Amino acid sequence: MAVTPREVERLYVQVNKFALASHFFWALWALIQNQYSTIHFDFLRYAVIRFNQYFKVKPQVSALEMPK
């Protein structure tokens with residue numbers, strides 16, 4: 001079954017929007033872990049890295065629109 005360029009573009013937009021949400025989710029998770037986890041890991045640094053990536057790509061991803 002052939003895939004159309006429109007389908008590829010729709011998938012590209014969806015993947016990028018979910019990746020953006022993933023950065024935000026893992027940053028929040030790391031903040032919670034930083035407060036409550038007993039594991040020796042720099043969760044705060046990890047949260048900063050994920051938030052930085054979120055804010056870096058947010059303008060480009062927010063500009064993406066689903067093809068009609």
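Tryptophan 26 is partly exposed, at 34% relative accessibility (buried means under 20% relative accessible area, exposed over 50%, partly exposed in between, with a 1.4 Å probe and protein chains only). Tyrosine 54 and phenylalanine 55 form an edge-to-face aromatic pair, 4.9 Å centre to centre with 85° between the planes (rings of Phe, Tyr and Trp, its six-membered ring, pair if their centres lie within 6.5 Å; planes under 30 degrees apart count as stacked, over 60 as edge-to-face and the rest as tilted). The model is predicted: local features need pLDDT of at least 70, side-chain atom pairs count only at pLDDT 80 or more, and totals for chains, interfaces and linings use all residues. Residues are numbered from 1 along each chain as its sequence is written, and side-chain values use heavy atoms, leaving out hydrogens and water.

**Aromatic rings**

- The count of aromatic pairs comes to nine.
- Phenylalanine 25 and tryptophan 26 have ring centres 5.0 Å apart and planes at 80°, so this pair is edge-to-face.
- Phenylalanine 25 is partly exposed, with a relative accessible area of 47%.
- Tyrosine 54 is buried at 12% relative accessibility, whereas phenylalanine 55 is exposed at 52%.
- Ring pairs link Phe25, Trp26, Trp29, Phe41, Phe43 and Tyr46 into a cluster.

**Alanine 27**

- Alanine 27 sits in helix 1, residues 5–36.
- Its relative accessibility is 0%, so alanine 27 counts as buried.
- Beyond residues up to four places away in sequence, alanine 27 touches Ala47, Arg50 and Phe51 (contact means heavy atoms within 4.5 Å).
- Leucine 44 is 17 residues from alanine 27 in sequence, and their C-alpha atoms are 8.6 Å apart.

**Overall fold**

- The protein has two helices and zero strands (DSSP runs, numbered from the N terminus: helices are H or I, at least four residues; strands are E, at least two).
- The radius of gyration is 16 Å, well over the 11 Å that the globule rule gives for 68 residues, so the protein is more spread out than a compact globule (the radius is taken over C-alpha atoms; the rule is 2.2 Å times the number of residues to the power 0.38).
- The C-alpha trace spans about 50 × 25 × 10 Å along its principal axes.
- Of contacts between residues at least 6 apart in sequence, 63% join residues at least 24 apart.

**Burial**

- Buried residues make up 18% of the 68 residues.
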